[in-house]
Amino acid sequence: MATNVAEQNDGTRLHMLRHAAYSASDVRAMERPLLDNGTPLMRMAATALAHTVAHLLDDEGIALDDARITLLVGSGDNGGDGLYAAAALAESGAAVTAVAVGRTIHEEAFAAFVRSGGKILILNPESEIPGCAAGFSAGEAGERLRAAVELAQHAHVIIDAMTGIGLDGALRGIAGTMAASLGVEDSVPDRTALPDGDTAGEFPFVVAVDVPSGVGVDDGAINGPYIPADVTVTFGALKPCAMLPPASYACGRVTLVDFGFDPEPYQPLVEAVSGDNVSDAIRLPRLADTKYTRGVTGLITGSVRYPGAAVLSCRAASATNVGMIRYMGPERTRTMVLSAVPEAVIGKGRVQSWVVGSGVPDGVADEDDADVQRQTIAKLLSHYAVDVNSDDPDLAFEMPPVVVDAGALDLLPQEVPSQVVLTPHAGELAALLRDRGEDVDAHDVQLEPLRWTMRAHELTGATVLLKGAVSIIVGEHSGIADTALNDHTATSDAQTQTARRTSAGSLDGDEADEIDFSDNATSEATTHTRPRVLVAGRAPAWLATAGAGDVLAGMTGALLAQQDEDESIMDTVAAAAYLHGYAAAVASGSDQRGFNPPTVYGTALRHSVGSLGHPIVASDVIAAIPSAFAQLLS
């Protein structure tokens, strides 16, 4: 029995290592007790790094004796990791040249590198590296820089050990120039989406030491030059940039070297949803169930202009384990919905969740306020407005969860409770923020998605799901305080959870002249909490197709309707995003995904190459939902 318990604990720890990411400061705190005890962490890191590079070359049929390796090395421990690894590779026969981008270098590691026969190229005229000439002219500095770039471009492998987790802000100076010359600047990596994070097989391969130099370590942002990696070897624990886009797209395939840290005292900055989480979120049918106890979802989606969104959202909701759906819309969309989902009930009735806005024109397209769906949604959303001075200040918190998508986002009240779930893409999130006074566009959101998703949550109080290859979900954190992220004032998630299974909304016809709600819950005092951040990256890139967002909205509303009162809105929304991506993977036959959990160094080797899959449309995703449920529950 003791062995079984130990194996279970090891399995739980391994799962956390692969699905939780910690701030750079917390990782330093985790490693401090080991360093104080004399644990040779740098040597352990370097050994794993050297083995990873050797395996990468071997996979490409390149013997170490024939390999050309360029090490981009900065000062500090990250550079030391790279130098010790480079020394081991040089001793094994590789031709290794270190390109020093800073004034200093890790002296002991550099001495080991020199003893191994490695060569070094100094770029900074003010270098203080022992035994290396400095004080050269600006002209010679330029020639050295060009030589370094050419050397790296003709290498089989570039080892990026310029900055590690110590970088704050954009990469500047010589390191920034090298990154701009060899990598990308101020844009998202443009690379083919392949299974298991595989590379396109083109030299030079880039292996990042701990994190790719230039990316935002704690926020995943891109705000300057950086070098996208094919492989990242990270140490001790995952850093947020390995999970958060767009930096996560620059990490390539990630190998995690387990130092035996104790993460228990530390709260992850980011957690990735796994299939296990989603399985736990699926409500299994019960012997005494009726269609009502399994959950009822109401949808106000589609429009005369975009009727297909009504069909997609209703089909998706009805396939996502819910007991019944109710649909409201104009005659044309009602007819189409009934044709596609004859089980749908049309018109007014009680629901446990709402889905609104998919396929509904926004205020710009409906400048005359003539669209009946917008009128209906506006009436409904007005009841979610947090207003302590209203006649019934508790009403917003007694309302059932609502998924607000697409054309309904500009109808959102200024402040809402956390059971309001927003599902924008980058352009829609930027528009929502501009309406609230922020100077931001879609490109800004793409480069700093965590920052702007958190800002939207802070300004509205809603749970925000920013859609993408890796979707980011930001919401309330159950009262855990943390100064690493911005504090905000919001109503506790427990308040909404207590209310939502006993509350239900009724909405009358197209004209929205009557909305009835149960009055079963009481509000609680607001609390100061740190936003919680989850990511869902199960979707293949084939999911980037018209109507996929309508499907996600319907699935999310259905999962929200069927949850028990103690279930977290955040967890349910993240489960919906994962299930959406998993259904797309089933439909496309693809093993590619936005986020690949890391391989833990020393555990099982990589699996055989997966399938790239094939194109799909949104309807294919809906058809695959039952199979996705079956596989997740098996």
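Visitor: How many disulfides does this predicted model come to?
Guide: A disulfide needs a pair of cysteine sulfur atoms within 2.5 Å. For cysteine 241 the nearest cysteine sulfur belongs to cysteine 251, at 4.8 Å. By this rule the count of disulfides is zero.

Visitor: What is the largest C-alpha distance among Asn78, Asp160 and Ser213?
Guide: UniProt, in an unreviewed entry, gives these three residues the feature "binding site". They are spread over 136 residues of sequence but cluster in space. Their largest C-alpha distance is 10.3 Å.

Visitor: Is aspartate 160 buried or exposed?
Guide: Aspartate 160 is found in strand 5. Its contacts include Asn78 and Ser213, along with Val206, Val207 and Ala208. With a relative accessibility of 0%, aspartate 160 counts as buried.

Visitor: Where is serine 213 found?
Guide: Serine 213 counts as buried, at 0% relative accessibility. Among the residues it touches are Asp160, Met162, Thr163 and Tyr226. Its place is the loop between strand 7 (205-209) and strand 8 (225-226).

Visitor: Which strands stand at the edges of the open sheet of eight strands?
Guide: The order of this sheet is 4-3-2-5-7-9-10-25, with parallel pairing.

Visitor: Which residue in strand 10 stands opposite valine 231?
Guide: Strand 9 (residues 231-235) and strand 10 (residues 253-257) run parallel and are joined by five bridges. Opposite valine 231 stands arginine 253.

Visitor: At what angle does helix 6 run to strand 4?
Guide: Helix 6 (residues 138-153) lies across strand 2 (68-73), strand 3 (95-100), strand 4 and strand 5 (157-161). To strand 4 it runs at about 135 degrees.

Visitor: Which element gives the most to the largest nonpolar core?
Guide: This core has 56 residues, and Ile325, Ile473, Val551 and Leu579 have the most contacts inside it. Elements that give two or more residues to the core include helix 9 (308-318), strand 13 (324-327), helix 17 (548-561) and helix 18 (569-588). The one that gives the most, with 13 residues, is helix 18.

Visitor: How many residues has the other core, apart from it?
Guide: Tyr84, Cys132, Ala161 and Phe261 are among the residues of this other core. The core has 54 residues.

Visitor: Is valine 470 buried or exposed?
Guide: Valine 470 lies in the loop between strand 18 and strand 19. It touches Met243, Pro245 and Phe595, among others. Its relative accessible area is 3%, under 20%, so valine 470 is buried.

Visitor: What is the relative accessible area of alanine 469?
Guide: Alanine 469 has its place in the loop between strand 18 (463-466) and strand 19 (471-475). Its contacts include Tyr249, Ala536 and Gly594. Alanine 469 is partly exposed, and its relative accessible area is 40%.

Terms used:
Residues numbered from 1 in each chain as written. Predicted model: local features only at pLDDT ≥ 70, side-chain atom pairs only at ≥ 80, totals over all residues. Heavy atoms only, no water. Helix = DSSP H or I, 4+ residues; strand = E, 2+ residues; numbered from the N terminus. Buried < 20%, exposed > 50% of the residue type's maximum accessible area, 1.4 Å probe, protein only. Contact = heavy atoms within 4.5 Å. Pairing = 2+ DSSP bridges. Axes fitted to C-alpha atoms, helices over the stretch in contact; angles between N-to-C directions. Core = buried A, V, L, I, M, F, W, Y, C linked by side-chain atoms within 4.5 Å. UniProt positions renumbered as here; feature names shortened; annotations may be inferred. Lists of a residue's contacts leave out its neighbours within four places in sequence.
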